[in-house]
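Thank you all for coming. I would like to walk through a few side-chain interactions and then the strand arrangement around them, so please keep the sequence and the structure in view while I talk.

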Amino acid sequence: MSDPMNPVDPVNPVNPVNPVNPMNPMNSVGFDLDLTLADTRAGISATFDEVAVRTGVRIDTAAVLSRLGPPLEWELAHWMPAEEVPAVADLYRRLYASIAVPVTTLMPGAREAVLAVRRAGGRVIVVTAKNVRDATRTVEFLGLEVDEVAGSLFGTAKGTALAAFGADAYVGDHVADVDAARAGGAFSVAVATGPCSKGELRDHGADVVLGDLTEFAEWFEGWRTIRVPA
């Protein structure tokens, strides 16, 4: 049997049965964006640095990067009074497209992961806490072929978008993405490329934990064709 600590063997996934539609091929997949598909760290750091210059507020970007995932407003609340957060969030978003998007790169295996789904006849949705405008810009800049982008959603709030799209699986790097998959009735695929370790993701209930998206295509090819025995 495969090691459940690193269950990339497509013959022995942790949970071979899709609880939503177990008799059909499992094709449609949702992906988180930041630190799942897109390496946005340089752009986010640079944008926060510019916000700090313009507002005069000291912001430790290393601390910011250590907890990427939740909504922007949650992070800003670490650095300024609550009443200032909305205006500074607006400033950040005005800056993001010109500062962050051009320096964003693909996470390892991201393009291949999306292509694996599309080659299987599946559809792809990106569901992210990032606002939909900047999420769409990022996806387009990276040249990822997706069917839909849903933004400004975090944790279980992502479940509505996943369910409406019909996502069979949801891939993310945060424990909140495990919650998102559960809320959307999708198989939870975690990648240890963000702030959460393999152990944290596994302990939170992820169905499968991959080191990064370079392991996704092989795993997906086996998982998607599994049927419930007659």
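Predicted model: local features only at pLDDT ≥ 70, side-chain atom pairs only at ≥ 80, totals over all residues.

Let me begin in helix H10 (residues 216-223), where Phe216 and Trp219 are three residues apart and therefore separated by about one helical turn; helices here are DSSP runs of H or I with at least four residues, strands are E runs of at least two, and both are numbered from the N terminus. Residues are numbered from 1 along each chain as its sequence is written, and side-chain values use heavy atoms, with hydrogens and water left out.

Staying with aromatic pairs, the rule is that rings of Phe, Tyr and Trp (its six-membered ring) pair if their centres lie within 6.5 Å, with planes under 30 degrees apart counted as stacked, over 60 as edge-to-face and the rest as tilted. By this rule the count comes to ten aromatic pairs. The pair of Phe216 and Trp219 is tilted, at 5.9 Å centre to centre with 50° between the planes, and Phe216 and Trp219 are both buried, where buried means under 20% relative accessible area, exposed over 50%, and partly exposed in between, with a 1.4 Å probe and protein chains only.

Now to the charged side chains. A search of the whole structure finds twelve salt bridges, each being a side-chain nitrogen of Lys or Arg within 4 Å of a carboxyl oxygen of Asp or Glu. Which residue meets Lys158 in a salt bridge? The partner is Asp32, with 3.2 Å from N to O, and the pair links distant parts of the chain, Lys158 lying in helix H7 (residues 158-165) and Asp32 in the loop between strand E1 (29-31) and strand E2 (38-39), 126 residues apart. Lys158 and Asp32 are both buried, with Asp32 at 7% relative accessibility.

A second example is Asp147 with Arg118, at 2.9 Å from N to O. Asp147 lies in the loop between helix H6 (132-142) and strand E5 (148-150) and Arg118 in helix H5 (residues 110-119), so the pair ties together parts that are 29 residues apart in sequence. Asp147 is partly exposed, with a relative accessible area of 37%, and Arg118 also counts as partly exposed, at 24%.

A local case is found within helix H6, where Asp134 and Arg137 lie three residues apart, about one turn of the helix, and form a salt bridge whose closest N and O atoms are 3.1 Å apart. Asp134 counts as buried at 1% relative accessibility, whereas Arg137, at 35%, counts as partly exposed. Salt bridges that share partners also join Asp32, Lys158 and Asp177 into one network.

E1 and E6 (169-172) pair in the parallel sense over three bridges, and two strands are taken to pair if DSSP finds at least two bridges between them. Val29 has Ala169 as its bridge partner in E6. Four bridges join E6 to E7, which run parallel, and Val171 has Val189 as its bridge partner in E7. The chain crosses from E6 through H8 to E7 in a right-handed β-α-β crossover, meaning that, with the strands pointing away from the viewer, the path from the first strand over the helix to the second runs clockwise.

The buried residues of helix H8 (residues 175-183) include Val175, Asp177 and Val178. The buried residues of H8 pack against H7, E6, strand E7 (187-191) and helix H9 (198-203), contact here meaning heavy atoms within 4.5 Å. Just after H8, Gly185 takes a positive phi of about 70°.
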